[in-house]
Amino acid sequence: MACRAAGKRGIDVGLKRVLTSTSLGHAVGLTSRTSLGGAARYIPESSTSSFLQGSGHHTTLESPIRCFHASRELWARRKNDDQGVGLKTQKKGKFAKRIKKPPVDAPYVPPKLKRIAKSLQDKTIDIFEGMTTVELAKRTGQSVISLQELLVNLGEKVVSEFDPLKIDVAELVVMETGANVRRLHSNEGSEILPRPVVVTVMGHVDHGKTSLLDALRQTSVAAKEAGGITQHLGAFVVSMPSGAAITFLDTPGHAAFSAMRARGAAVTDLVVLVVAADDGVMPQTLEAISHAKSANVPVIVAINKCDKPSANPERVKLQLASEGFLLEEMGGDIQVVEVSAITKTGLDNLEEAILLQAEMMELKARVDGHAQAYVVEAKLDKGRGPLATAIVKAGTLVCGQHVVVGSEWGRIRVIRDMSGKLTERARPAMPVVIEGLKGLPMAGDDVTVVETEERARMLSAGRRRKYEKDRLRQIMEQRTKTNEPSEDDSVVPERTEMPLIVKADVQGTVQAVTDALRTLNSPQVFVNVVHVGVGPISQSDVDLAQACGAYIVGFNVKSPPSSISQAATKAGTKIMQHQVIYHLLDEVGNLVVDKAPGTLETQVAGAAEVLNIFELKGRSKSAGGDIKIAGCRVMDGHFSKSSSMRLLRSGEEVFEGPCTSLKINKHDVELVEKGNECGLVILGCNDFQIGDVIQCLEQVVRKPKLIISDNGIARIECY
């Protein structure tokens, strides 16, 4: 009994020691000293011994019997004993060593790029004089630091983001970000005076616009125009009998010169819409109305040619009213004047209407300060260099100033009025010709006055870089659209390229002719304008045409010297020279039609009726079986041996195949005309019946067709 009691007590003490170990305490969920001590302190001996007895475990007493007390000192000793046995415990403290986990092998995922809601290339930012870097940052969406870095790169001194910037510096910064720029000029100045009205004369071709201007200024410009039609945009200052001065812009009426009419409406204060009384409202009349509405300028209708017997001004008024023009006679605010350029009647009424409308508009402009001007035309003169015809909108343009026109710059060397007289300065609403530019600007560019030559160079270079970036981006977008798979990739139409080199006398005409030639594109021929230029045809144009196999188009330019003509003939380069846009489009359009590969089309060349059937028998096996010959009479067209034949019975196709034999009176022939009788054999066809109809089918190449409408629009129609 004593041994049993001693053994029982030893087992209880051993079990308590195991339960008080740190590792086992963590295993059973006792993580704190208090909970573990409490668990060890309140284990009853009877329950422990009964548990061990019930499970059949027997132990012997190997160590002296010790009583377990859950004190702090004993707990520390037990902890050290457990570590000595080999049980590791987690170190706790401020400087506990962290176990580094090995890196996880995972594929690299690049960071997602932030997409801007609106591309900067499609965004136009308004700038003005005195803008700060903070305002530019808000408008461009860039940070102030990035814009300050751009200013440093431009050589500007950066002190604070709230310092005002020059308008040309702000333009350079915005262009470097990739956005488009629009200048907002202030009309505030120390001297604001009334200015003359700028009137643009618009209308359909051959409605008498230039003749009306000739009657007003007592000149004969229309007689000097090639073909009797205006093909340039001209600016004139007309002194009226009342003493007032009016600036007139004369625009061409041909459909190819739509861009010129748009430029005229953009710079004008008032539009005089000329409509022929015997012709009525035409396509270019409606186009001029749309240009005037888009420019938000008032319109005065001048019904011309009222002296003709077929004139019907009332019909013109009804046509204009049907297009939404509210005339004064019908309760609207649009003035209508009936005039005649030939008899010079109604000119006083037209002048009165223009001056009345100008007085209602109260036209004033800033006279002092740098000028704001708009280029309406540009050309290259052999002796004077690049010339730009501009209209001053505000300020005063002074000879000797540094200007930037589009991507070109220069120092104004000479200013001439439209009569050719030299002048030192140009005031608002005054058309002048500027000399001294380094290159030829584009029609429609703004004239910007800068302070120094260095600033002019910098602004010109920045605009040129922006223009080149936009051009390359457009090329890439066009290539992307071209490379996109179509719905039916199996059918690829054959397309021939026709390269052209265009030379004209002025910049606006070059643009108009180029746009008109590109309208001749068709699914079969691609009209590719590889180079455009202003001035006469040179040797470099011939060399470029020889290198790319292009045709040279000269419009309103002088004939090249004999040396250049001989070089072009030797190189096989064709030079086409014209002074009328109709004749140019006609020749180039016919050339496009001739160059087009055309489409193959099956046509019925003839029809014959089967009158009799003949059969050949007894042929050898190598030669083939029996053959049936159809005796026919050609009823329509002709029959050819090289063509395919179609057998029809009661209007339905029975068989189709090539013709293997065609004879007349036992003689082989290649062609049988209408009314003759013949015998023919169709390969593989032995099912002829009297009364059948045989058709002769031929493959023909159908060329496109050049169509020029009454309003001068040319197009290529493919079948």
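This report covers the cysteines and salt bridges of a predicted model.

## Basis of the model

Local features need pLDDT of at least 70 and side-chain atom pairs count only at pLDDT 80 or more, while totals for chains, interfaces and linings use all residues. Residues are numbered from 1 along each chain as its sequence is written, and side-chain values use heavy atoms, with hydrogens and water left out.

## Cysteines

The structure holds zero disulfides, a disulfide being a pair of cysteine sulfur atoms within 2.5 Å. Cys659 is in no disulfide, and the nearest cysteine sulfur, that of Cys696, is 8.0 Å away, which is too far for a bond. Cys659 is buried at 9% relative accessibility, and Cys696 is buried at 0% (buried means under 20% relative accessible area, exposed over 50%, partly exposed in between, with a 1.4 Å probe and protein chains only).

## Salt bridges

Across the whole structure there are 23 salt bridges, each a side-chain nitrogen of Lys or Arg within 4 Å of a carboxyl oxygen of Asp or Glu. One of them joins Lys166 and Glu451 at 3.4 Å, N to O; Lys166 lies in the loop between α7 and α8 and Glu451 in the loop between β19 and α14, so the pair ties together parts that are 285 residues apart in sequence. Lys166 is partly exposed at 37%, whereas Glu451 is exposed at 55%.

Another salt bridge pairs Glu601 with Arg702 at 3.3 Å, N to O, and because Glu601 lies in strand β24 and Arg702 in strand β32, this contact links parts 101 residues apart in sequence (strands are DSSP runs of E, at least two residues, and helices runs of H or I, at least four, numbered from the N terminus). Salt bridges that share partners also join Asp381, Arg384, Arg413, Arg416 and Glu435 into one network.
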